[in-house]
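Hi,

Here is the structure I promised to pass on to you.

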Amino acid sequence: RIMANKLYYTASEVAEMVGVGRTSAYAIIKKLNQELAKAGYLVVDGKLPKEYFDARYFGGSHPAEVSA
């Protein structure tokens, strides 16, 4: 079943938003997931909560609202 509003970004989505390759996107996901785990949150390997990524990379704005 596909959820209309997914809770997590995949490495491919992170790579596209940040403008890096998938390998670099996995490194970003791993680093941010380590921050979450250190703060006591459960994490999903290879995926990153959208809300946390948006806050860390875009200051809480949705990527579509950010212009380069």
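This is a predicted model: local features need pLDDT of at least 70, side-chain atom pairs count only at pLDDT 80 or more; totals for chains, interfaces and linings use all residues.

The buried residues of helix α3 pack against β1 (8–10), α1 (11–18), α2 (22–38) and β2 (47–49). Contact here means heavy atoms within 4.5 Å. Helices (H or I, at least four residues) and strands (E, at least two) are DSSP runs, numbered from the N terminus. In α3 itself, residues 50–58, the buried ones are Phe53, Asp54 and Phe58. Buried means under 20% relative accessible area, with exposed over 50% and partly exposed in between (1.4 Å probe, protein chains only). These three cover an arc of only 100° around the axis, so they sit on the same side of α3. The arc is taken from the directions from the helix axis to the C-beta atoms. Just after α3 comes Gly59, with a positive phi of about 65°.

Residues are numbered from 1 along each chain as its sequence is written, and side-chain values use heavy atoms, leaving out hydrogens and water.

Now for α1. Its buried residues are Ala11, Val14 and Ala15. They also span an arc of only 100° around the axis, which puts them on the same side of α1. If you wonder why such spacing works, an α-helix has 3.6 residues a turn, so residues three or four places apart point the same way. The buried residues of α1 pack against β1, α2 and α3. After α1 comes Gly19, whose phi is positive, near 85°.

How do α2 and α3 meet? Their axes (lines fitted to C-alpha atoms over the stretch in contact, with angles from 0 to 180 degrees between N-to-C directions) come within 11 Å and cross at roughly 105°. The two helices are therefore roughly perpendicular to each other, a label used for 65 to 115 degrees. On the α2 side, the contact is made by Ile28, Lys31, Leu32, Glu35 and Leu36, and on the α3 side by Tyr52, Phe53, Arg56 and Tyr57.

Finally, the overall picture. The protein has three helices and two strands, in the order β-α-α-β-α along the sequence. Buried residues make up 22% of its 68 residues.

Technical notes
Angles under 35 degrees count as roughly parallel, over 145 as roughly antiparallel, 65 to 115 as roughly perpendicular and the rest as oblique.
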